[in-house]
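The sequence and structure follow.

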Amino acid sequence: MTVAIVGAAESDLGVTGKSILTLQTQGITRALADAGLTLADVDGLATSGVSRFSTPQLAEYLGIAPAWSDSTFAGGSAFEMYVARAAQAIEAGQCSTVVISYGSNQRSARSRSLGGVQESHLPQAQFEDPYGPLFPLSYYAMAAQRYLHAYKGDREWLAEVAVAAREWALLNPKAFRYGAGPLTVEDALAAKPISSPLTVADCCLVTDGGGAVVLTSLERARDLPKPPVVVLGYGESTTNAGMIAADDLLRPGSVASGAAAFAMAGLTPSDVDVLQLYDSFTITVLLTLEGLGFCAPGEAGELVASGATRPGGSLPTNTSGGGLSYNHPGMFGLLLLVEAVRQLRGECGDRQVADAEIALAHGTGGIFSTHATVLLGADR
């Protein structure tokens, strides 16, 4: 592979009171500064979540005229998809420097909704809405219920995911739950029920925030200030729009996206040093660990309970604190990439994974609808 990420940064996070475009601009200018570049260098732009015309609106706001752009909307996995598209565009000569960005002010603007599927105008709404589901929460709860039933597990398996995320967040001063103190399994189990078997502790945060990453050719990257992070492989899978169409709730699209990414990179799960997995809900992490091949089906709960994903564990996962305890501004996929880059550069301070050479970032969008995996490597 001949493309690398050369800049990565967050916007302001938490409760900002800033507009979406302001947060986008913060992330972009900070990531470009991190790369030793400026807006004048950017000829490729990928984003979503601004409006129906996300990329043109953002480009106009920034005062740039990109030769290549992408505004594919696939929920939280879109940003991992953009890495693939950007790498292909750079290798094809369509552009030389791509910024992938995101921003949301959903907490400040109180724009987050848990309405039914009619919001998405999906035809299956007529069959699902009579049951009053919370979108997307009740659908992930259904997957969790199926998981625990099929594998004879209990809610402690889910709670362990939230506990591990909090331990990482306590090492990250930018985390929304930094300073909140440890979360215990007992705390998670006693939290307010939302949609059985999920409680508040099983659900991602609702915050403002965003960020950006910058990609260019590996040859050019080696002349820039920061160590390049090489794009080694990628894969994606789109499986369903609504849960009524999902063939098997326990076989997510990460099975296909992960297999494609590992094949392209010539790697296996045992080669990965640090994982950044979309954790919209605790069940998302368990199913993604299994789908990507880090354990067999039904084994993720015990894997997390063993401490493998916590600080000091054998499979460091969501080292920023994840969407459960760090930040979750509507879509989390971009911030997965930011943390992966920082880990491979060795920039993470107290939460740094020693000798991290290979990182995996995996985004999940919709209700287990879209899946995208990216493998990144330090340029040694």
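Buried means under 20% relative accessible area, exposed over 50%, and partly exposed in between, with a 1.4 Å probe and protein chains only. Helices (H or I, at least four residues) and strands (E, at least two) are DSSP runs numbered from the N terminus. The model is predicted: local features need pLDDT of at least 70, side-chain atom pairs count only at pLDDT 80 or more, and totals for chains, interfaces and linings use all residues. Residues are numbered from 1 along each chain as its sequence is written, and side-chain values use heavy atoms, with hydrogens and water left out.

**Burial**

Helix H11, residues 282–291, is mostly covered, with 10 of its 10 residues buried. Among them are Thr-282, Ile-283, Leu-286, Glu-290 and Gly-291. After H11 comes Gly-293, whose phi is positive, near 95°.

Strand S4 (residues 97–104) contains Ser-101, which counts as buried because its relative accessibility is 0%. Contact means heavy atoms within 4.5 Å. Leaving aside neighbours within four places in sequence, the contacts of Ser-101 include Gln-24, Ile-28, Phe-79, Gly-211 and Leu-334.

**Salt bridges**

A salt bridge is a side-chain nitrogen of Lys or Arg within 4 Å of a carboxyl oxygen of Asp or Glu. Side chains of opposite charge can pair when their charged atoms come close. The structure holds 16 salt bridges, including those tabulated here.

| Salt bridge | N to O distance |
|---|---|
| Arg-85 and Glu-236 | 2.7 Å |
| Glu-347 and Lys-226 | 3.5 Å |
| Glu-339 and Arg-351 | 3.0 Å |

Arg-85 forms its salt bridge with Glu-236. Arg-85 lies in helix H3 (residues 78–92) and Glu-236 in strand S8 (residues 229–238), so the pair ties together parts that are 151 residues apart in sequence. Arg-85 is partly exposed, with a relative accessible area of 22%, and Glu-236 is partly exposed at 36%.

The side chains of Glu-347 and Lys-226 also meet in a salt bridge. Glu-347 is placed in the loop between helix H14 (333–345) and strand S10 (358–365), and Lys-226 in the loop between helix H9 (218–221) and S8, so this pair ties together parts that are 121 residues apart in sequence. Glu-347 has a relative accessible area of 35% and is partly exposed; Lys-226, at 25%, counts as partly exposed.

Glu-339 pairs with Arg-351 in a salt bridge. This pair links distant parts of the chain, with Glu-339 in helix H14 and Arg-351 in the loop between H14 and S10, 12 residues apart. Glu-339 is buried at 3% relative accessible area, and Arg-351 counts as buried at 7%. Salt bridges that share partners join Asp-34, Lys-226, Arg-345 and Glu-347 into one network.

**Backbone**

The peptide bond from Phe-135 to Pro-136 is cis, with omega near 5°; Pro-136 sits in the loop between helix H5 (125–128) and H6. Another cis peptide bond joins Ser-196 and Pro-197, with omega about 5°, and Pro-197 lies in the loop between strand S5 (193–195) and strand S6 (198–199).

Lys-152 is not a glycine, yet has a positive phi of about 55°. Lys-152 belongs to the loop between H6 and H7 and is exposed, with a relative accessible area of 76%. Phe-368, likewise a residue other than glycine, has a positive phi near 55°. Phe-368 occupies the loop between S10 and strand S11 (370–378) and counts as buried at 7% relative accessibility.
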